[in-house]
Amino acid sequence: MSSTVITNIATLVTNDPSLGDGSALGLVQDAAVVIDGDHVVWTGESSKAPATDNRVDAGGRAVLPGFVDSHSHLVFAGDRTQEFNARMSGRAYSAGGIRTTVAATRAASDEELEANLTRYLDEALRQGTTTFETKSGYGLTVADESRALRIAAAHTDEVTYLGAHIVSPDFADDPAGYVSLVTGEMLDACAPHARWIDVFCEKGAFDGDQARAILTAGKAKGLHPRIHANQLSYGPGVQLAVELDAASADHCTHLTDADVDALANSGTVATLLPGAEFSTRAEWPDARRLLDAGATVALSTDCNPGSSFTSSVPFCIALAVRDMGMTPDEAVWSATAGGAAALRRDDVGRLTPGARADLTLLDAPSHVHLAYRPGVPLVTGVWRRGVRVV
């Protein structure tokens, strides 16, 4: 292994408040980062950087941790363009929503599913995402859910079993039977390939009692909970997430004061997914309310073919600043350190000694440009595990 210094960094985001300006982002001006192998071994002012084998000049650009996208649905086939077009055009559309994707995914080969997955992973990587979580949920049979997780596990450690996305069309008249399948044979087949278990706790999907049974069964198999909670309406999802020590409650659009207090006084991260609101014209989550209460907030893409077909964390940062009450600093922290917290990781989402060497170089002098210049492809370099990949 050889060491490399990236120097002449205009603004370095470390996410360590003990460094630099003392803010949550730990901003260091005129900075350098030293990588040895696949880890960061030093950060600080350029003038104090130690000698290394190699040198990279950042050219007065900003460097920040690689984005941590803690919520995506990337193992799927098909396309829902017509559904989106109808929704945005104000026309009624009666196709099957998630069920449309389920049918296409079931019909696809393993090779087709993996090619689709890697396409969107590469797309995300070019936009600075170096850690991602992804879920099953578009198979809804034992064989299709387990193969989705097996395919995903070849590309990330952060794999989530979401057999409880919706009640399978095969069990339309027997939702209790489907819950039994999800907590029994399907769980047995899927658990070896996953780290997490998730459930869509919402009217029209799974109620609080069903969600508790599903997540509890997953915990008994060694999977840790995360929950689609309170997206479309007020409901029990957030309270259940806190009760079960879920790593993350995701969406969090419709919250009572008790929900906000519960998140603020727990280890459960509130993961906000502004791409979903953008793509459905739904009510924006109130990030300001959560942050002011002291909750930990993550930002993620929710990349999926139906309600948030974006792999761009920078786009989500811009939306969060414009429409959800976040400052640029808060949004960048939530898309890096916040995402890491939602995955209960301390080796990513920061640039301090011992962290994994995942870095994003912007063609801009400050991280603020991610919100200041929305839609502009500012990511000009990406290092993953110490290797430049973009």
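Arg344 counts as partly exposed, at 33% relative accessibility; on this scale buried means under 20% relative accessible area, exposed over 50%, and partly exposed in between, with a 1.4 Å probe and protein chains only. The model is predicted, so that local features need pLDDT of at least 70 and side-chain atom pairs count only at pLDDT 80 or more, whereas totals for chains, interfaces and linings use all residues. Residues are numbered from 1 along each chain as its sequence is written, and side-chain values use heavy atoms, with hydrogens and water left out.

Arg344 forms a salt bridge with Asp245, and the closest N and O atoms are 2.9 Å apart. This pair links distant parts of the chain, 99 residues apart: Arg344 lies in the loop between α13 (328-342) and β14 (359-362), and Asp245 in the loop between α8 (237-243) and β11 (248-251). Helices (H or I, at least four residues) and strands (E, at least two) are DSSP runs, numbered from the N terminus. Asp245 is partly exposed, with a relative accessible area of 36%.

Side chains of opposite charge can pair when their charged atoms come close. The criterion applied here for a salt bridge is a side-chain nitrogen of Lys or Arg within 4 Å of a carboxyl oxygen of Asp or Glu. The structure holds 22 salt bridges. One of them joins the side chains of Glu83 and Arg80, at 2.8 Å from N to O. Glu83 is buried, with a relative accessible area of 12%, and Arg80 counts as buried at 9% relative accessibility. Another salt bridge is formed by Asp323 with Arg322, where the closest N and O atoms are 3.0 Å apart. Here Asp323 counts as partly exposed at 28% relative accessibility, while Arg322 counts as exposed at 65%.

Attention now turns to a strand and its partners. In a regular strand the side chains alternate between the two faces of the sheet. From β14, Leu359 and Leu361 point one way, Thr360 and Leu362 point the other way, and all are buried. Two strands pair if DSSP finds at least two bridges between them. Strand β4 (residues 54-65) is joined to β14 by 4 bridges, and the two run antiparallel; Leu362 in β14 is the bridge partner of Ala62. Strand β15 (residues 379-384) is likewise joined to β14 by 4 bridges, again antiparallel, and Trp383 in β15 is the bridge partner of Leu359.

How many disulfides does a search of the whole structure find? The search finds 0 disulfides, a disulfide being a pair of cysteine sulfur atoms within 2.5 Å. For Cys316, the closest cysteine sulfur is that of Cys303, and at 9.1 Å it is too far for a bond. Cys316 counts as buried at 1% relative accessibility. Cys190 is buried as well, with a relative accessible area of 0%.

On the surface, Val387, Val389 and Val390 form a nonpolar patch with about 210 Å² of accessible area together. Patches are made of residues with over 30% relative accessible area and no salt bridge; like charges are joined within 9 Å, and nonpolar side chains (Val, Leu, Ile, Met, Phe, Trp, Tyr) within 5 Å. Accessible areas come from the Shrake-Rupley method with a 1.4 Å probe, and for residues only the protein chains shown count as cover. Val390 is found in the segment after β16 (387-388) and is partly exposed, with a relative accessible area of 30%.
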